[in-house]
Amino acid sequence: MWQIIYTIVNKDIFIASPLDVFKRFFELIKYSDFYRAIFFSFARIFCGFIFALIIGVSFAALSSFNKSIYTFFSPLVTIIKSVPAASIIMLVFIWLKSDFIPTFIAFLLVMPIFYINIYKGIFQTDKKLIEMSEIFRFSKFKKIKYIYIPSIMPYFVTAFSTGLGLAWKSGITAEILCSPIYSIGLNIKDAKIYLETTDLFLWTILIIIINLIFEKLSIKIIQMIFPYISDKIKKENSFETD
Amino acid sequence: MKLINISKNFENFEVIKNFSLEIKENKITCLFGKSGCGKTTLINIICGIIKEYDGKLILPSKKISVVFQESRLLPWFNVKKNISMISNNYNYFLDAVELYNFKNYYPGSLSGGMKQRLNIARALSIDYDIIIMDEPFKGIDLNLKIKIMNFIKKETKNKTVIFTTHDKDEASFLSDEIIYLDGPPLKTCCSQTT
């Protein structure tokens, strides 16, 4: 498909050739700066994402059980969610060193996704199962482990997957605007300035691949820790009896 | 166990009004009445699911077990896990309700009757002084129902059992006393010792 479009357009400045991108990849992997750019971008974005996960999940849990935390935190999340990413990046640019901006931006944009999804998951936990757990004298720990966590898991996986994509998008955008040394964003910016469409395509494809690998790997790990979220496992062990 | 002047409204609809009842300890008591007469509301008050009501409830023990009308199983765990998370002696109870061979199945793959059998096994497997069963035999076929009723009789010796039904055969087979109810609002019509 890409090759067909390239052949029709036939202008390297608009669409890079798949072969050129492939060749450029093998050129770039010879340089240590290529790995440094990937490593540091990944590290910045990953840190922002993990902070967002921890803060979003923790505050969602606290908000579900304490009305005043919800009253304080919920409007804050709505504001963060509505402010354009570029405005925040420009504002944060004044406050922080360029190295920390992508981390902060990824955190700020992903945290509301975790907060909203986890809060919704807790809120929608089946009340009848909670009543059942009280009758059968479940401890708080047992209630969280056997009822709340499995109920929240589908919401968590959705937040994880959406949040990861957004962390990459916002983190790279922040890198393009702030140009920290050793970053994918800086390479994309340079590619745009010097009209290196091949590099632009290559870095974009790399972002997609890294994001995809990380997402699939993380979901696999989550499913290994919490096997009940996988419908496949349920089907393997059962059949219809009606 | 005593219920004194119990009243419960749901949005101006009086389900129970000044209802009093005494239930004999260590006996099987059947609350017999048509669907919608307020039996489940009464059961929910006794087992503590409904906390806001008028009147007084005197319970001889806090150790209560319940067979819910809807099975309330955890859909993300298999049959074995659903019962083993509350009791170590699960094999015995699963065998009694003929679910031992289905222990690796998930609730979503079980029929209504099988879910209800698991619901019964789970309730019987914990430590309790009072067991409340709200229409426990719904969807269970006759032969198995008789087997399970005999098992309940055996397992609940020296325990207080309250169960609701609108099936006369179930009531007379299982219970020591049948209390006939009508409503709403819930009222006692008469009682009969079997």
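B:Leu3 has B:Leu21 of S2(B) as its bridge partner. This is a predicted model, in which local features need pLDDT of at least 70, side-chain atom pairs count only at pLDDT 80 or more, and totals for chains, interfaces and linings use all residues. Residues are numbered from 1 along each chain as its sequence is written, chains are lettered from A and ligands numbered from 1 in the order in which they are written, and side-chain values use heavy atoms, without hydrogens and water.

**Sheet and helix H1**

- Strand S1 (residues 2–10) of chain B pairs with S2(B) in the antiparallel sense over 6 bridges; two strands pair if DSSP finds at least two bridges between them.
- Helix H1 (residues 39–46) of chain B packs on the sheet and touches S1, S2 and S4 of chain B, where contact means heavy atoms within 4.5 Å.
- The direction of H1 makes about 120° with that of S1(B); axes are lines fitted to C-alpha atoms, for helices over the stretch in contact, and angles run from 0 to 180 degrees between N-to-C directions.
- Helices (H or I, at least four residues) and strands (E, at least two) are DSSP runs, numbered from the N terminus.
- The open sheet has 3 strands in the order S2-S1-S4 (chain B), with antiparallel pairing.
- S2 (13–22) and S4 (54–58) of chain B are edge strands with a single partner strand each, so one side of each lacks a neighbour in the sheet.

**B:Asn82**

- B:Asn82 belongs to helix H2 (residues 79–84) of chain B.
- B:Asn82 counts as buried because its relative accessibility is 2%; buried means under 20% relative accessible area, exposed over 50%, partly exposed in between (1.4 Å probe, protein chains only).
- A polar atom of the B:Asn82 side chain lies 2.8 Å from the backbone nitrogen of B:Leu74.

Methods. Polar contact = N/O pair within 3.5 Å; in protein donor to acceptor, adjacent residues only side chain to side chain.
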